[in-house]
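Morning, everyone. Please have the sequence and the model open while I talk. I'll go through a few places one by one.

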Amino acid sequence: MAEEVKTPAPPPPPQPQPAKTGPSGGPEGEKKPTAEKPAAAESAAPAKPAAPAGKSDVPAKAAAPAKPAVPTPVPWTSPLVEKYRNQYGSGLEALTYLGQNYLSVDRSLIPDILRRLREDEQFDYCVDVTAAHYPKREKQFDVIWILYSFARNERMRVKTQIADGASIASAVSIWPTANWLEREVYDMFGIRFDGHPDLKRILLPDGWKGYPLRKDYGILQQDTEWVQINLGIESGQ
Amino acid sequence: MNPALNSAAATMNTGMAPVATPWFFYALAGAALISALFVITRRNAVHSALALIVTLLSVAGLYLMLYAPFVAGVQIIVYAGGIMVLFLFVIMLVNVERSSKERQFNRIWPVGLAAACALMALFVSALVKGRALFPERLVKLSEGTNTQDIAKALYGDAGRMGQYTFAFEIASLLLLVAILGAVIMTKKKI
Amino acid sequence: MSISEKGNPNALANAVSNLDLDTPEKPYLDSNELIINMGPQHPATHGVLRVILKLDGEKVLGTECVIGYLHRGVEKIAENRTYTMFNPYVDRMDYCAAVSNGLGYCEAVEKLMNVEAPARAQYIRVILTELNRIASHQLWLGTHALDIGAMTPLFYTFRDREEILKIFERYCGARLTTHAFRIGGCQYETYAGFEKDVTNFLSFFAPKIDEYEALLTTNRIWLERTKNVGVISAADAIALGVTGPVLRASGVKWDLRKAQPYANYSKFDFEIPIGENGDTYDRYLVRMEEMRQSMRIIEQAVGGIPEGPIMGKVPKVIKPPVGEIYHSIEAPKGELGYFIVSDGSTQPYRLRVRPPSFVNLQALDIMVRGLLIADVVAVIGTIDIVLGEVDR
Amino acid sequence: MPNFVMSYLGSTVTPGQAGNQFWALMYVLIIFAGVSVAVMAMNWLERKALAHFQIRLGPMRVGPHGLLQPFADALKLMLKEDIIPTEADQFVFWVAPLIGLLASFTVYTVIPFGPSQAVSDMNIGILFMLGVSSLAVLGIVVAGWASNSHYPLIGALRSSAQMVSYEVAMGLAVVSAVLMTSMNASGTGTLSMIGIVQAQQQQGIWFIFKFFPLGFIAFAIFAIAMVAETNRAPFDMAEAESELTAGYHTEYSGLRWSLFMLAEYAAMIAVSSIAVTLWLGGWMRPFPNLLQAPAWEFIFSLFPGLTFAGLAAIAFIGTARMPAQSFFRVQRIGLAVFAALLGFIALLLLVIAVAGRTADTSVAARFREGIDYVYWFVLKVAVFMYLFIWYRATWPRYRFDQLMRIGWKVMLPIALGVLMLTAIVGVIVS
């Protein structure tokens, strides 16, 4: 059902095109953390002492006056990261940006890491599951879990990249709240979650064609066929 | 002053004004019969139930004509108001479409007809042969004390047991048992 | 699945067959289960929520929410608007608490750009946001009470909410979708007499809360209708990601204003009310107390507004550096988060809104199972959803 | 003809008992018109009173202070398209509102507005009232079923269960009042509505105060049950709009819908009349036994006129307080005319009260008496009607299971206990 992703290739009206030029910068921006990581490790000295201590935004504010300095992600060091790095090795990267920590994780490690974060590290509250689309990249999608731990009063994000058409393990068995959130990701991006109890569209009608939050889905694009059939509007708008 | 009206006003103080005209009787009896026929011929159960209500109300009217207002009132409150509501309560949940496709009468309807005819014959013969049992003309019963008369018959009067006290008590005991039984049957655990 | 599933009544049975309903014991009398379609046009669904109920008599065996009737693609719109242009759109999500939405968005972008609003702007933001929290709770109380059958509180709360809306109107010209804040501060200076209006409102409103409570808090029928109805345990609430008053009523003392202070909430002294049982009544009490606490915050803030500029040093063209940020605030309904990915251009590359109503609504199913239809109405009311935010 | 008309006016019994079919018909017409007007007035009053409870103004546009609103509503409802859903059972859908309407209007035949101000006095009056008013539920049940829709069906199920269960407690409360009628020398009671009021007169006490807490408890049970019986807040489960959109009449519109409303309000007045008759002394003025002197009689007979004079005064004040703008001119004139009308009625009543002061047998005296009876009866009923509005403004709605629990587990045992205690106390006392 999800495999007809490229359907809207001809119809996109001219308008979204300029918007699409934006995304060309996107992949860069996204690759930057990975590419710059070694560089950041040595260069981002001023922000570094604050980073491990600060999950709050106080250090970020302190850094604010330094106007020209564009903040860059710096490695995130903490016992938690050490533990996981020892275990999983190269499959994961821990970074801090503007005082917010995140783990970039290989897709294969996802179910394992999420479960361990929930069970061992008390990240018991799944704030959000979402995704972002980078059409120029080989692995087109970022899937992002935003987690929070009540016990540690700490937020973190887990990110992974997956290719179009690939599926990823569902987190519903770990956090029931992921149910609707994953459905929304599926609805908007067409990313399938394995093991989801009831993966179907949530905000859009069930027969809708296309996944609107993909970058190749123009802002004026609409499923005219669905509108014609179900709403009886001839023009399809 | 109109003397006729005065006399009418005078009679009403002493007894019951004659309302029991044959027309009322035929109208009520006809309504009862026709609606009773509807009860068994309608395919839709709710229509049957509504027809049954009309039957019951007509019969209540007949009771009134027989100077038995208490029985008429009880007929309305218990049968038309209470039991029929519960009937409808159940019937409403029945699948109307299915029931309307089912056969209206089952195969033994000739037997039923024969039984009905036999009963009819019995009534007619009783009416004809037992003519002597019936009074010559309408007896004027006191409508005003009807309720009290029933109370005396059921509960007795001035320390004496009434004619039907025992039967009445047995009947109420039976109903009590029925209520308890219904409670036990519907409750999963007590 | 057929194309015409949504909007087609015949799809009802189909949709319900997907409900995973655990009916442990067979019913004694084998009666047909009734499937009822509540909404999308139903007085108690607060908009266009559609709940498909599977009933045994009046007992709810399971529910399925069908949402999306108000979906406007806010996240897609954001990708095609500049940061400044998108600012008014956020007001249209939770239109009952537009100020909170604006605060969350502005703060998220500010954080992404690494700037901070000046102190005076922060104070104004806190005052308006807390006023909005009161207004949102008032709206909730009125409609919730109306759902349970009490007509009168609705009019009382609307009367008093009017005073708040008047302050908004005088401040920025709008009553509902205020668009009160700008990235980097506030656009408008407070009008002359703003402080006086706010303090007048505080003294006006304090006895009004008691009036609401006099109508409801100890009302026998209200107690019977709300106590032990729609119970959700703390563990369930956390597992389902429920936030806001619903979570606090289950006994979790967690409020983003305290846990991870934003704006300058750390400067104010206030309590986080929590409940014990996680039932509808506790949620009612928590929200009533929150209104009082909001008044405390406003009182402190309005007394201490510093002088100074109201806009921070923000460039004319807002162009955050490449990166991503998640920022969340305590909206009246729960945690409202914005996840923004910037590619260095003037438009967000990806903007995700984490709506509290959407996530909280997910808890409806476990809250109403085994209850009656009337309780479904009460529970929908007590979750306090705004469909504009659920569907975005 | 004048003779024919006049012959009855001096009579002291109901036209039904007198066998005077002309006057019986007249009474039926008067009551029908009166109840219809009362329902309209109740409609206006409810909207106004509710609005003032809720810091609103209520209807203000149609006529001065919205006085013509009920007429506008009635007109609108009559002109509205009468929609019958395709899937509905046409005949039953059509007949359902009539059942309720017939039932709630039929009970008025035995309601005693005065010792002779009733269509008829029946030996089984109260039984007849309970029986016929219990038929009203049939209309609701059948309407819910015939609509062929889920919400009406649930509304109908709720309402039938509710009305049948509350009838039980209601009936027991009524029986305990009927039992009190037999606490006299002869030891025989009565079911007749007029007889019940006369029994209170003879015993010199309203039954609400008899055997003090007992009469009051029975009355309270009836007062609660009658709210449930008429499907009014806080027991308006059958039409709970936030749960079932409109319950059993969801699919109804226009005239047919208005018949349901008419039936509901008529039923409210009817059950209030039962309560007044059984416990509050029916048509009797306050303290008929203590303040027996002719002077007192005269003073109390001034009350109807004074009430109308008061209403007229309120209307005049309202006229004076209207803003002096040309926009309000028509309204101002309308209200002034209304006030004048009220004032005229007040004058008429006062004249009758004065004229009928002395002569015992004159038609004027009979008239005065009749007006007194009807006035006090209506006043007592009006208190109940106000309570109905008050309940609606104040309380949330009960849940269905709670309602049934109260009906069966609280009200029924209490009603039974009160009945037994009344019997025991009655035997001990007499």
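Is C:Glu130 buried or exposed? C:Glu130 counts as buried, at 0% relative accessibility. Here, buried means under 20% relative accessible area, exposed means over 50%, and partly exposed is in between, with a 1.4 Å probe and protein chains only.

Quick ground rules. This is a predicted model, where local features need pLDDT of at least 70, side-chain atom pairs count only at pLDDT 80 or more, and totals for chains, interfaces and linings use all residues. Residues are numbered from 1 along each chain as its sequence is written, chains are lettered from A and ligands numbered from 1 in the order in which they are written, and side-chain values use heavy atoms, with hydrogens and water left out.

Back to chain C. Who is the partner of C:Glu130? It is C:Arg133, in a salt bridge with 3.1 Å between the closest N and O atoms. A salt bridge is a side-chain nitrogen of Lys or Arg within 4 Å of a carboxyl oxygen of Asp or Glu. C:Arg133 is buried too, with a relative accessible area of 0%. Both residues sit in helix 5 of chain C, residues 119–148. They are three residues apart, about one turn of the helix. Helices are DSSP runs of H or I, at least four residues, numbered from the N terminus.

The pair also belongs to a network of salt bridges.

Now chain A. A:Glu154 and A:Arg152 form a salt bridge, 3.7 Å from N to O. A:Glu154 is buried at 13%. A:Arg152 is partly exposed at 27%. A:Lys200 and A:Asp198 make another salt bridge, at 3.6 Å. A:Lys200 is buried, at 6%.

On to chain D. D:Thr277 lies in helix 11, residues 254–279. D:Thr277 is buried, with a relative accessible area of 0%. What does D:Thr277 touch? Leaving out residues up to four places away in sequence, its contacts (heavy atoms within 4.5 Å) include D:Pro112, D:Met193, D:Ile196 and D:Phe377.

Last stop, chain B. B:Leu176 is in helix 8, residues 165–186. B:Leu176 is partly exposed, with a relative accessible area of 45%. That's it from me.

Key:
Helices (H or I, at least four residues) and strands (E, at least two) are DSSP runs, numbered from the N terminus.
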